[in-house]
Amino acid sequence: MSAHRKGIAAAPLLVFVAGLGGCGGGGGDSASAVEPVGSAEPVLVADVASVTAVASGWAHSCAVDGAGQTWCWGETQYGQLGCSDNGELVTDADIPFIASPCVVDSATPHMQLASIAAASVETCGLDLSDTAICWGYGIPFDPVREPIGPTPVDTTERFALLRAPMGDPGMCGLSQSGTRYCWGLGETTAERLVPQLQDDSGIQFVDIALSQGWGCGVTAEVEAWCWGSNWFGQLGIGTVGQFDGPLESEVPVKVVGGLSYVAVAAGLMHACALDSEGAAWCWGLIPGDTTYGTPQPVPGDQRFSAIFAGGQFTCGVAADGQAWCWGLNYSGELGNGSHEYSPVPLPVTGGLYFSTLAPGGIHVCGITTDQQLYCWGNNELGQLGRLE
């Protein structure tokens, strides 16, 4: 999902095809007779003012406003929006959604979040005491998995940050000491809210990025490490699992290449990282139906201060706040006014300058430097905070 230099999924709306992903996240747009629903340019989400934090799951987004109130919109079948006011709930679609931002209900009326993270079936945030609070987790028509409202996770651990996997359920947090805890996959509500310490072989991370069965992290020593599936070379260890193994690693393994990395982001089948000079490097499934187990430089000489990954595309924010995106673009997720795939970073249109971005599966939301909220890309499930 996202990274800064400091600092049971819903059925995907886009079928993953070999060759579409990776270093930027795409090998070319597939032909389709269906006109994409959404916007290829940023649109203002006017309902949320003075935005301080934003996060996107596969097909929903949430934001925190200047008063500390949390708002969510988009897909809602798992309770991941946390809203009881369903005035604009769309139920005549295959997947129910709410197109306009709704206020997240809280058993603690004054819940105030400092940061937020969104997975496919749940949303979590850190409050001002660094306590993790989560909601969602429901399974439609399953009375054993009714959605839960905002509930603190069952631990005394305090977290420095939260990260959610791209397209998967679950949530992970880094403790103040850099150790990784994950939760959200238990059978009961109680089990889903119990963080489990992860075996990272003593490695302490300053940031992590997660995806479907794999993830990566960076350390204070500016090293990048990855763990989990290596089927498309997502571990960055010089091999591609489907061709020359290994298929996975249960513990973190160091990304090869000898570069110093300060930030990392994870899409569906690709990872990207920023080196100490702000140049972007990616590995995994990349354009041209090719997989790479070693980091590849992103074309062009653009430098970034932050990097973020969507499903099959990647975005970066430059030091001046200009946002750039590259990769798959069928739904306009690159935000440049077109629907054409680009392996080269292109500037997001609109003359906007961003402090952070939150890519989802095929949409992006971002906070501008004047704390306004804009979204672009797919809007089939109200991801842009508005009806078409």
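This report describes the salt bridges of a predicted model.

## Overview

Side chains of opposite charge can pair when their charged atoms come close.

## Asp207 and Arg163

Asp207 and Arg163 form a salt bridge in which the closest N and O atoms are 3.1 Å apart. Because Asp207 belongs to strand β16 (residues 205-210) and Arg163 to strand β12 (residues 159-163), the pair ties together parts that lie 44 residues apart in sequence.

As for accessibility, Asp207 is buried, its relative accessible area being 0%, and Arg163, with a relative accessibility of 15%, counts as buried as well.

## Arg180 and Asp200

A salt bridge also joins the side chains of Arg180 and Asp200, with an N to O distance of 2.7 Å.

Arg180 is buried at a relative accessible area of 5%, and Asp200 is buried at 4%.

## Lys254 and Glu223

Lys254 pairs with Glu223 in a salt bridge whose closest N and O atoms are 3.2 Å apart. Since Lys254 lies in strand β19 (residues 248-254) and Glu223 in the loop between β17 (214-219) and β18 (224-229), this pair ties together parts that are 31 residues apart in sequence.

Lys254 has a relative accessible area of 43% and is partly exposed, and Glu223, at 23% relative accessibility, likewise counts as partly exposed.

Definitions and conventions:
Residues are numbered from 1 along each chain as its sequence is written. This is a predicted model: local features need pLDDT of at least 70, side-chain atom pairs count only at pLDDT 80 or more; totals for chains, interfaces and linings use all residues. Side-chain values use heavy atoms; hydrogens and water are left out. A salt bridge is a side-chain nitrogen of Lys or Arg within 4 Å of a carboxyl oxygen of Asp or Glu. Helices (H or I, at least four residues) and strands (E, at least two) are DSSP runs, numbered from the N terminus. Buried means under 20% relative accessible area, exposed over 50%, partly exposed in between (1.4 Å probe, protein chains only).
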